[in-house]
Amino acid sequence: MPQSLRSRSVFRDKDHSSTLAGHLRYQFDNFMARGTVALVSGLALVSLAFIVLMAALVNLLGIAPEGGDRLNLPEALWGVLMRTLDSGAVGGDTGWGFRLTMLFVTFGGIFVVSTLIGLLSSGIDAKLEDLRKGRSRVIETDHIVILGWSLQIFTLISELALANANCPDTCITILSTEDKVEMETALASTLGKLPRIRLVCRTGSPSSMADLGIVSIQTARSVILLNSSEDHRDTQLVKTLLAIKSIPRSHPQPYHLVAQVQTPKTLDVLKLIAHNDVEPLLIHDLISRIVVQTCRQSGLSTVYIDLLNFSGDEIYFREEPALQGKTYGQALLAYHHSAVIGIQKADGTLQLNPGSETCLQAGDRLIVISEDDDTTQLNPADQAPIDHQAIQLVEASPAIAEHTLILGWNDRVATIIQLLDQYVAPGSSVMVVAELPAAEVDLSAESLQLERQAVSYRQGDPTDRDTLESLDLTHYDHAVVLCNSTLEAEEADAHTLVTLLHLRDMCDRHHHNCQIVTEILDVRNQALAQVARPDDFVISEQLISLMLAQVAEQKSINAVLTELFSPEGSEIYLKPASRYVTGDRPVNFYTVVEAARQRGESAIGYRRKADASSLAQSYGVVINPPKDQPITFQPGDAIILVAES
C-alpha cells in the first residue's frame, strides 16, 4: 500500500476512535447535566446491572461459602444485594474464594451507596434552595394573585382576608422580584396569622410568561397588579398585561384584572391590550381628589375608610323586581338596614343620586350601602314613619373665598391645585411652601388654567418652626401636608409628622380652627399621626389598597368609586344637620332621608361633633344607621350625603 494511502488510513482510524470517544464523552456529559433524578435513575440501573452480573458469576462459577452448597440464582442475587448494601455482612463469610468475591461486591456497594447518598444530599439541597427561591409551581384554582410588592400589600391582603372570611380555604398568591423568604417574613410580622387564608409567595418577574405560569394565573379568580410609583410611564404594567393576555384562560370567565395606573396616558393602551378585562385605578389622580375633598370637610376620610373596608358597611348592587315602576325617591325609603345611593341601568351605565322622580325599569339595579348582602331586604309596604314636622330645609349660606396652605412637594401638587379650583369660590388663594427653588417650580396661572383662585409659592423647609411661624396660619382655612415621595417611606413620614406637630401646636396657641389633612406613605405610621390630634385624619395609600381590594372582589365597584371621587356629578358631602331637621326633639333616620330627598340628595349617615375626637366612636361617623333609630342632633352635627354640591 502506498505511504500516502497508509497514512490516510491511520488518520481515519484515529479520527474514528477519537470521534467515538468524543461522542461517548458528550453523551455522558449530557446525562450528568440532567439533574438529580436522572443521576439516581442511572445509578440504580448500574447498581442493578452490577448485582445481576455478580450474582450470575457466583451462580455459574459455583462460588459458595466453605462447606456450603452451591447458591442458586435467587440466593446469589439476595446475597450479593445484602453485601452491596451492608459492608459488615462480609465479616461472616467463610472460604477465601467466597470471601474475596464478596469483598469485591462490598467494595462496589460502598461506591454505589456513597455515590447515592451524595446524589440524594445534593438533590435535597438543590430542591430546598429552589423552594427557598420560590420557583416551585402553584397548583391552585379560583385563587387571588397579586403581582408586585409595595407598602400597600399589607392593607390589601388584610382586607382581602376580611372579604373572604366566610370562605373555608382562600389562597392569595404573591409574585414579585423580592426574595420569597423576606416576603414571607414581612407578611408574618405585620399581619400575623390570618385565619382561613393561605399566603403563597413566589419570586419572579410579573412580566414573564414563564413566571406567571408558576402562580397559575390562568386559573385565578382575580389578579391585582401593583405598580411602582417610580414607573411614571407604566412600562412594566403594560409589559405585564401583555404577558397575561398571551396566556390562554383556563376558565370560561374572562380575566378579572385590577391595575394601579400612574399616568392617564396609559389608560388607552390598557384598553387596547385587555379591553374590558382590566379595571384601572388612576393612583395619582385618586389620591389628589381624596386630599382635596377631605381638606375641605373634616371627617370625610373616615367616611371613605368605612365605605371601603370590609369590616363595616359596603357597596352592593341589588336588583329589586318589586320596585320596578317605582321612583328613586321611593327606593330611598324602601330599606330599613340599607342606604340607597344610585341606580345602575340595564345597559351598565351608572347614575349616582339621580333625580327623585327617576323611574326604575326592568333590569335596573339599585346601588346600596349595607352591612352585608343578606341585609339588603325590602321593608314591608308603606312602613317608613316620617316626622314631617321635624323637617326644616334651610338654604346654605353663600360660598365665600377659601385660603389653602400646601406644605411640601410631590408630583400631585399641580393636580391638587387644579382640583381645588373646581370647589372653591372666586377670590380664593393657595400658598405652596416647599424646599425647591422657585425657579424650578411652575405654578403660573397660565399653566394651571385656574379660574377662582390665585397661587403663590415660597421656598422654605416645612419642618422648620420659624418657616411656619412666618406664614400667619390664621389666614388659612385649610392646610395640606404632603409627603416627599423622593424619600424613603419612613424618612418621608417622619418629616410629615414633624410638620403636623408644629401646625397643630401653632393652631392651638392662636385658637385657630384650621382643617388639616396629612398624607402618609406607610399606613403603619397612621397611628403616630393621630397622636398629634385624633381628628387630624390621615390620607395615605391605604385608601388605594382598600379600593384595589373592593374592585378585586366586585368589578362593578370601580365605576362607583370613580364617580364618587370625581368633581363632576355627585360626591359625598358632610352638611350641617340643622339644614335638614330640627334639633329640639329626636327624629328617626327615615325623616332625615326624606328631608335630603326633598333637596335632591341621598342621605347615608351622620357625624356627631361630640365624638369627633373618639377613635372608639369612629370619630363620630355613623354610616347606614337603622332608619327607625331616634337621633337628637346637636349644634355642629352633620348629615353625610351623596349630592351634587
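Reader: Where is R196 found?

Author: R196 sits in the loop between α6 (180-191) and β3. Those labels are DSSP runs numbered from the N terminus, helices being H or I of at least four residues and strands E of at least two. This is a predicted model, where local features need pLDDT of at least 70, side-chain atom pairs count only at pLDDT 80 or more, and totals for chains, interfaces and linings use all residues. Numbering starts from 1 along each chain as its sequence is written, and side-chain values use heavy atoms, with hydrogens and water left out.

Reader: OK, and what's the phi of R196?

Author: About 65°, a positive value, although R196 is not a glycine. Most residues other than glycine have a negative phi.

Reader: What does R196 count as at 49% relative accessibility?

Author: R196 counts as partly exposed, because that class runs between buried (under 20% relative accessible area) and exposed (over 50%), with a 1.4 Å probe and protein chains only.

Reader: Which loop holds Y619?

Author: The one between β18 (602-607) and β19 (621-623). Y619 also has a positive phi, about 55°, and is not a glycine.

Reader: Is Y619 buried or exposed?

Author: Buried, with a relative accessible area of 5%.

Reader: Switching to the sheet: in what order do the six strands come?

Author: The order is β3-β2-β1-β4-β5-β6, in an open sheet with parallel pairing. Two strands pair if DSSP finds at least two bridges between them. At the edges are β3 (197-203) and β6 (278-282), each pairing on one side only. From one strand to the next the twist averages 15°.

Reader: How many bridges join β4 and β5?

Author: Three, between residues 222-225 of β4 and 257-261 of β5, in the parallel sense. In one of these spots, L225 has A259 of β5 as its bridge partner.

Reader: Which strands does helix α5 touch?

Author: Helix α5 (residues 152-163) packs on the sheet and touches β1 (144-147), β2 (170-176), β3, β4 and β5. Its direction makes about 175° with that of β1. Contact means heavy atoms within 4.5 Å. Axes are lines fitted to C-alpha atoms, for helices over the stretch in contact, and angles run from 0 to 180 degrees between N-to-C directions.

Reader: And which strands does α18 lie across?

Author: Helix α18 (residues 542-553) lies across β1, β4, β5 and β6, running at about 155° to β5.

Reader: How do the axes of α11 and α18 cross?

Author: They cross at roughly 30° and come within 9 Å. That makes α11 roughly parallel to α18, since angles under 35 degrees count as roughly parallel, over 145 as roughly antiparallel, 65 to 115 as roughly perpendicular and the rest as oblique.

Reader: Which residues meet there?

Author: From α11 come Y304, I305, L307 and L308, and they meet Q542, L543, L546, M547 and Q550 of α18. By class, this contact has seven nonpolar, two polar and no charged residues. Here Ala, Val, Leu, Ile, Met, Phe, Trp, Tyr, Cys and Pro count as nonpolar, Asp, Glu, Lys and Arg as charged, and the others, Gly among them, as polar.

Reader: How many residues of α11 are buried?

Author: Eight of the nine in α11 (residues 300-308), so the cover over this helix is described as mostly complete by that burial class. They include L300, S301 and T302.

Reader: At what angle do α10 and α11 pack?

Author: At about 130°, with the axes of α11 and helix α10 (residues 283-295) 8 Å apart. The two are therefore oblique to each other. In this contact, I290, Q293 and T294 of α10 meet L300, S301 and Y304 of α11. The residues divide into three nonpolar, three polar and no charged.

Reader: What does N558 touch?

Author: E279, P280, L281 and V551, leaving aside residues up to four places away in sequence. N558 lies in helix α19 (residues 557-564) and is buried at 5% relative accessibility.

Reader: Last one: how many residues of β12 are buried?

Author: Seven of the seven in β12 (residues 428-434), so this strand is largely enclosed by the rest of the structure. S428, V430, V432 and A434 cover one side, with S429, M431 and V433 on the other. β12 pairs with β11 (residues 403-407) in the parallel sense over five bridges, and H403 stands opposite S429.
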